[in-house]
Amino acid sequence: MERPVRWRLAATTCQEIGGARVEIEAGGLGVVAHGPCQQTELVKVAFPVGDRTLRAVLFDRDERVLASGTAQVGAVLVMRANPQLRGSIWLWPHLSGVAGCDVLGIDRYRVVLKRPWGDQETRQIACRDAGDLMIDHLWPGAWEISVEARSVEGLVLATHRAVRRIDPGKRRPEGEEPMRLDLEASAQPEGRVVARFEREDQSLVACDEVGLNRLVIKARQLGAERSVEFERSCGDDLPEWSRLLAASGSVDVVIEGLQDDQILYRGAWTLRFVPGRVMPELVLEPL
C-alpha cells in the first residue's frame with residue numbers, strides 16, 4: 001500500500017541548525033525514503049499492510065545527527081533537534097557606561113525572547129553582583145532579545161532590543177568575556193540642582209544671603225570612573241541634574257560654598273534616582 005511520507009522540524013529551521021538531508025526508517029524495512037531537510041516535494045512509499053512506525057533522522061553535511069522524530073505511517077514526522085544543540089548567550093548590561101546591580105539599582109531583568117515566526121517566551125532573571133546575565137537553553141538561529149532592567153519596585157530603568165544569532169551548542173567557554181549590552185535609559189532626572197544654605201536661626205536662604213560669591217559642585221556616579229565638576233557664581237543657574245547623573249543609579253555629590261578662596265559651607269550626599277522620582281533640594285550647613 002502506497003502512503004505519503006512527510007517531515008518537518010519543530011522549534012527551529014533547517015538553515016539555523018545546518019540540516020542537510022533526512023532519512024526515513026521503517027521498522028523491519030530499514031531506510032525507505034530520503035530527501036533534503038526542507039521537504040520540497042511529497043514522497044510516497046509502498047508499505048506492507050499493517051501498522052508501522054517510521055523514524056526520521058536529520059543529518060548535517062558531516063553526517064552528524066541533528067534531530068529525529070517518530071510517527072505512525074501517514075502522520076507527519078516531527079523531528080526535534082538534539083538538546084545538545086541548544087546554545088546560550090552571556091550579556092553584560094551597561095547604562096551610561098556603568099555596570100553593576102547595586103550602583104544602578106537593578107533588581108532583576110525581564111527578558112523577552114522572540115523567534116522570527118512569532119514564537120516567544122519571557123524570563124525573569126535576578127540581577128547579581130556585576131550585573132551580567134546568562135540566557136541559556138536557546139535553539140540555534142536568530143532571536144529577537146528584549147531586555148528590561150527593573151528596580152525592586154518594578155520600575156523599568158532601562159531597555160535594550162536587538163537580534164542576536166545563537167550558534168548550535170554554543171556555551172560559555174572558560175575565560176570568555178560576556179558581550180557588552182548598552183541599555184537605553186527609560187528616564188533621566190529632570191530639573192536643575194537647587195542648593196539652600198542654613199543660617200544660625202535654621203532658616204534656609206540663597207547663597208548670596210550668607211556672604212558667598214561662588215559654588216563648586218563635584219559629582220561622580222557610582223560605578224563610573226570619572227567625576228564631573230562645575231563652578232558657578234552666586235545667582236547663576238546651577239547645572240541640570242542630568243549632567244550629574246545621566247540615568248538611573250546613584251551619585252555622590254559634594255557642594256562647597258566659598259567666599260573668595262575660603263570655604264564657608266559644605267555638603268555631601270549620596271543620592272539615588274529612579275524614574276518618576278524628583279531630586280531633592282540640597283541643604284548646606286556652615287563649617
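## Disulfide pairing

When the bonded cysteines of the protein chain are numbered in sequence order, they pair as 1-2, 3-4, 5-6. The count comes to three disulfides, where a disulfide is taken as a pair of cysteine sulfur atoms within 2.5 Å. A disulfide is a covalent bond between the sulfur atoms of two cysteines.

This is a predicted model, in which local features need pLDDT of at least 70 and side-chain atom pairs count only at pLDDT 80 or more, while totals for chains, interfaces and linings use all residues. Residues are numbered from 1 along each chain as its sequence is written, and side-chain values use heavy atoms, with hydrogens and water left out.

## The three links

The sulfur atoms of Cys14 and Cys37 are 2.0 Å apart and form a disulfide, and with -85° about the S-S bond this link is left-handed. Cys14 belongs to helix α1 (residues 14-17) and Cys37 to the loop between β4 (30-36) and β5 (43-46), so the pair ties together parts that are 23 residues apart in sequence. Helices (H or I, at least four residues) and strands (E, at least two) are DSSP runs, numbered from the N terminus. Cys14 is buried at a relative accessible area of 14%, and Cys37 is buried at 5%, given that buried means under 20% relative accessible area, exposed over 50% and partly exposed in between (1.4 Å probe, protein chains only).

Cys101 is joined to Cys127 by a disulfide with an S to S distance of 2.1 Å, and the torsion about their S-S bond is about -95°, so this disulfide is left-handed. The pair links distant parts of the chain, with Cys101 in helix α2 (residues 101-104) and Cys127 in the loop between β11 and β12 (133-138), 26 residues apart. Cys101 counts as buried at 4% relative accessibility, and Cys127 is buried with a relative accessible area of 12%.

A disulfide also joins Cys207 to Cys234, with S to S 2.1 Å. Because Cys207 lies in the loop between β17 and β18 and Cys234 in the loop between β19 and α3 (241-244), the pair ties together parts that are 27 residues apart in sequence. Cys207, at 8% relative accessibility, counts as buried.

## An open sheet

Seven strands form an open sheet with mixed pairing, in the order β17-β16-β22-β21-β20-β18-β19. Strands β17 (204-205) and β19 (228-233) stand at the edges with a single partner strand each, so one side of each is left without a neighbour in the sheet. Two strands are said to pair if DSSP finds at least two bridges between them.

Strand β18 (residues 214-221) is joined to β19 by six bridges, and the two run antiparallel. Within this arrangement, Ile217 stands opposite Phe230 in β19.

## Two buried residues

Arg123 lies in strand β11 (residues 120-126) and counts as buried at 17% relative accessibility. The side chain of Arg123 reaches the backbone oxygen of Asp136 at 2.7 Å. Not counting residues up to four places away in sequence, Arg123 touches Tyr109, Arg110, Val111, Leu113, Ile135, Asp136, His137 and Leu138, where contact means heavy atoms within 4.5 Å.

Ser248 is found in the loop between α3 and β20 (249-259), and at 0% relative accessibility Ser248 counts as buried. Leaving aside neighbours within four places in sequence, the residues in contact with Ser248 are Leu95, Leu104, Leu157, Ala187, Gln221, Phe273, Val274 and Pro275.

How values were computed: Polar contact = N/O pair within 3.5 Å; in protein donor to acceptor, adjacent residues only side chain to side chain.
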